[in-house]
Amino acid sequence: MTTPGTHTLYDDLDLSLAEAGEGRPVLLLHGGGGPLTVAGLAHHLAHTGHVLAPVHPGWNGTPRPARIAGVTDLADAYLRLVADRRLRDVLVVGSSLGGWIATEMALRDTGGALTGLVLIDGVGIHVEGEPVLDVDGLDPREFAARAWHDPRRAPFDPAKASPEQRAAQQANMATMRAVAPVMHDPLLLPRLREVRVPALVVWGESDRVATPAYGRAYAAGFAEAEFAAVPEAGHLPQVEQPDAVHALIDAYARRTTTGARADRAGTA
């Protein structure tokens with residue numbers, strides 16, 4: 001059962017947070033499209049872990065205090081959540097913008113609370129010749145054609161969206177532009193070697209928002225990473241090909257939990 005609630009991070013920020021399941025903590029970070037884009041993944045991961053799925057401040061009508069002005073501010077906020085809850089052996093899974101936030105968390109995790117990092121078509125790095133699609137002002141149907149292998153799998157058809165749905169999505173996009181006016185940090189790619197947890201980089205083969213070549217460059221930047229392409233999927237493979245993505249993350253989670261790593265070290 002999913003429990004919606006809030007967590008007070010700062011005096012001016014009550015974080016909207018859904019929780020479900022028991023076991024290894026899994027922090028699930030959505031992308032610019034909002035929590036709906038990771039809802040199915042949250043349900044699956046709650047079968048084996050304790051999923052914490054926040055709504056980024058400013059998305060879905062939630063408040064965004066002035067202190068949350070960029071991606072690194074979000075990363076710091078979620079590390080504070082991890083510390084407040086005294087979580088250990090944390091698996092962080094981030095989709096798109098959430099992947100960027102997750103990467104910044106891994107770079108800042110001086111206490112070693114994070115033991116796994118999964119990026120699903122993450123953004124945030126600069127790759128020469130492989131720019132992330134500029135979605136500002138892009139027609140929703142044109143965006144869908146670039147983001148999906150099959151646009152019919154989109155959470156909603158932009159042509160059939162109600163005025164309220166369109167307004168909510170536009171507000172989410174405005175918030176994303178506020179915290180990430182450009183979709184990369186030119187200094188991030190060289191810093192990926194500093195991440196000390198193994199990463200799993202999952203990518204839709206049909207993604208034209210951030211191409212598979214961009215994803216391979218992301219994976220190559222880490223000291224230890226595995227790249228996994230998902231056929232017949234675009235920027236949100238967890239929606240278009242959920243079974244394939246679930247299997248990849250499940251196997252990775254089993255390999256990276258503290259107990260499994262200790263067992264391997266003991267037999268080495």
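**Exercises: an aromatic cluster and a helix face**

W203, Y214, Y218 and F222 form one aromatic cluster. The model is predicted, so to speak from sequence alone to atoms: local features need pLDDT of at least 70, side-chain atom pairs count only at pLDDT 80 or more, and totals for chains, interfaces and linings use all residues. Residues are numbered from 1 along each chain as its sequence is written, and side-chain values use heavy atoms, with hydrogens and water left out.**Exercise 1.** Describe the ring pairs W203–Y214 and Y214–Y218.

*Solution.* Begin with the rule: rings of Phe, Tyr and Trp (its six-membered ring) pair if their centres lie within 6.5 Å; planes under 30 degrees apart are stacked, over 60 edge-to-face, and the rest tilted. The count by this rule is 3 aromatic pairs. Next, take W203 and Y214: with 6.1 Å centre to centre and 45 degrees between the planes, the pair is tilted. W203 lies in strand β7 and Y214 in helix α7, 11 residues apart (helices are DSSP runs of H or I, at least four residues; strands of E, at least two; both numbered from the N terminus). Then turn to Y214 and Y218, an edge-to-face pair at 6.1 Å and 80 degrees. Finally, check burial: both Y214 and Y218 are buried, meaning under 20% relative accessible area with a 1.4 Å probe and protein chains only, while exposed means over 50% and partly exposed in between.

**Exercise 2.** Work out how the buried residues of α9 are arranged around its axis.

*Solution.* First list them: V245, H246, I249, Y252 and T256. Looking down the axis, these buried residues fall within an arc of 135 degrees, so they line one face of α9; the arc is taken from the directions from the helix axis to the C-beta atoms. Now look at the face turned away: it carries the exposed residues D243 and R254.
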